[in-house]
Amino acid sequence: MSPQIIFNLHLVLGYVAWMLCTNVYIFPKLKAMSRIDAHRAIATLHSFRFFGLVFILPGIVSQNLPSGLAHSLAYGDLATGLLAILALITVRKRLLFWPLVVGFNLVGVIDLIAGYYLGVNLGLPALSGELGAAYAIVIIYVPLLMITHFIAFYLLLRSGQGVSRALDHDAIGG
């Protein structure tokens, strides 16, 4: 099998496995939690995205990995992780917390989509071996990150409880 087929198969199966797991275990728990606790749980997962800096760490990925891709992946993850950490720090200041929740989810999903776009355009499936140890991040961690971003957006929008309503509700002491 070619590296492209293996990489694409791994990526698809990573999404399938995480969607099955999420559907049975994660999503029902998040829906049952308070809105704040559910978003704190998702932010906690994303707060570890600083780990994406491994894409520019010598010895972890090959020097043959396109540098534009490596830097985009690394710094997009860092920005998302820092915003998630700030959201966690400000959970008691709801006027800051909710915009940070929206911010880290928007930045995070844009980062992942941009990573896929760049990866496809730069031929990453054929170069997937150049990811070295970071291969597992792309195949195992990224699908969960994308899925939880979409869950976060769903939770923000469900039942008309969007960010503006959350801010209004929190502002009046709810």
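Buried here means under 20% relative accessible area, exposed means over 50%, and partly exposed is in between (1.4 Å probe, protein chains only). What you have open is a predicted model, where local features need pLDDT of at least 70, side-chain atom pairs count only at pLDDT 80 or more, and totals for chains, interfaces and linings use all residues. Residues are numbered from 1 along each chain as its sequence is written, and side-chain values use heavy atoms, with hydrogens and water left out.

**Stop 1: Tyr 117 and H4**

Select Tyr 117. At 57% relative accessibility, this residue counts as exposed. Tyr 117 sits in helix H4; helices (H or I, at least four residues) and strands (E, at least two) are DSSP runs, numbered from the N terminus.

Colour the rest of H4, residues 94-121. After H4 comes Gly 123, with a positive phi near 75°.

**Stop 2: H2**

Jump to H2, residues 35-46. Its twelve residues should span 16 Å, and its end C-alpha atoms are 17 Å apart, which agrees. Pick out Ile 36, Ala 38, His 39, Ile 42, Ala 43 and His 46, which are buried. Look down the axis of H2: its buried residues fall within an arc of 165°, so they line one face of the helix (the arc is that of the directions from the helix axis to the C-beta atoms). Show H1 (3-32), H3 (67-89), H4 and H6 (135-157) too, as they are among what covers those buried residues.

**Stop 3: the core**

Of its 43 residues, Phe 7, Phe 55 and Leu 131 touch the most other members. H1, H2, H3, H4 and H6 each supply at least two residues, and the largest share, 13 residues, comes from H6.

Zoom in on Phe 55. Not counting residues up to four places away in sequence, its contacts (heavy atoms within 4.5 Å) include Leu 73, Asp 77, Leu 131 and Ile 137.

**Stop 4: Asp 77**

Is Asp 77 buried or exposed? It counts as buried, at 8% relative accessibility. You'll find Asp 77 in H3. Leaving aside neighbours within four places in sequence, Asp 77 is in contact with Arg 49, Phe 50, Gly 52, Phe 55 and Asp 111.

**Stop 5**

On a 1 Å grid over the protein atoms alone, a cavity is a set of points where a 1.4 Å probe fits but cannot get out, and a pocket is an open set with protein on both sides within 12 Å along at least five of seven lines; lining residues have an atom within 4 Å of a point. Grid points are joined across faces, edges and corners, and a volume is the space filled by probe spheres set on the points.

A search of the whole structure finds one cavity of 30 Å³ or more. The largest cavity holds about 40 Å³, and its lining includes Asp 77, Arg 49 and Tyr 141. H6 gives the most to that lining, with four residues.

Finish at the largest pocket, with a volume of about 260 Å³. Of its 18 lining residues, Leu 73, Gly 115, Tyr 116, Leu 124 and Val 138 are the closest to its centre. H4 provides the largest share of the lining, six residues.

Terms used: The expected span of a helix is 1.5 Å times one less than its number of residues. A nonpolar core is a set of buried Ala, Val, Leu, Ile, Met, Phe, Trp, Tyr and Cys residues joined through side-chain atoms within 4.5 Å.
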